[in-house]
Amino acid sequence: MSPGKIVIARVYDEIGPDPAPRILVDRLWPRGMAKADAPFTTWAKEVAPSAALRRWYGHVEERFEEFGHRYRAELAVSPWAEALEDLRTRIGGNDAWLLTATRLLPYSHAAVLRDVLEGD
C-alpha cells in the first residue's frame, strides 16, 4: 500500500499483517462474526448509507451510478457530513482499510466512500 492509500475489502477476508487501521463502514454488524473476532479497530457505522437508500439500491448493479449520486448527497448533509469528517480525521491522510460485508466490492458503498475520501 502506498502512503495515504485507502483500500476496500470484505470484512471476512484475510488481510494479512498490514498495520494500517481497519475500519468497518457498514451500518449493520457482519453476520456470523463474533465481536471478539472482529478484524477491525473502528466501527464507523454512522458514515454508512441510510437504511432507505440501502433498501432502494438493493445491490442492483444497474442502480449503482444513481446510488453513488444519492450516497454522495447524503454524505454532504448532517449527520453523515460529521461522520465523514470524523472518519477523515481518524485516517489522517494515512493508509487505511475500509471493510464491508458486501460481496461485490466495486458496487458497494465502500467504493463510493473510498472515492469521496480520496477526493474524487
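These legends describe close-up views of a predicted model.

**View 1. Helix α2 crosses helix α4.** Helix α2 spans residues 64-75, and helix α4 spans residues 109-117. Their axes come within 10 Å and cross at roughly 55 degrees. That angle makes α2 oblique to α4. The crossing is right-handed.

**View 2. Residues of α2 meet residues of α4.** From α2, the contact takes in F64, F67, G68, Y71, R72 and L75. From α4, the partners are H109, V112, L113, D115 and V116. Seven of the contact residues are nonpolar, two are polar and two are charged.

**View 3. R70 and E66 form a salt bridge.** The closest N and O atoms lie 3.0 Å apart. Both residues sit in helix α2, four residues apart, so about one helical turn separates them. R70 is partly exposed, at 36% relative accessible area. E66 is also partly exposed, at 37%.

**View 4. D86 and R90 pair within helix α3.** Their side chains meet in a salt bridge, 3.3 Å from N to O. Helix α3 covers residues 80-91. D86 is partly exposed at 40% relative accessibility, and R90 is partly exposed at 48%.

**View 5. D115 and R114 form a salt bridge.** The N to O distance is 3.5 Å. D115 is partly exposed, with a relative accessible area of 22%. R114 is partly exposed, with a relative accessible area of 22%. D115 also belongs to the α4 side of the contact with α2. The salt bridges in the model come to four.

Notes
Residues are numbered from 1 along each chain as its sequence is written. This is a predicted model: local features need pLDDT of at least 70, side-chain atom pairs count only at pLDDT 80 or more; totals for chains, interfaces and linings use all residues. Side-chain values use heavy atoms; hydrogens and water are left out. Axes are lines fitted to C-alpha atoms, for helices over the stretch in contact, and angles run from 0 to 180 degrees between N-to-C directions. Helices (H or I, at least four residues) and strands (E, at least two) are DSSP runs, numbered from the N terminus. Angles under 35 degrees count as roughly parallel, over 145 as roughly antiparallel, 65 to 115 as roughly perpendicular and the rest as oblique. A crossing is left-handed if the near helix is turned anticlockwise from the far one by less than a right angle, and right-handed if clockwise. Contact means heavy atoms within 4.5 Å. Ala, Val, Leu, Ile, Met, Phe, Trp, Tyr, Cys and Pro count as nonpolar, Asp, Glu, Lys and Arg as charged, and the others, Gly among them, as polar. Buried means under 20% relative accessible area, exposed over 50%, partly exposed in between (1.4 Å probe, protein chains only).
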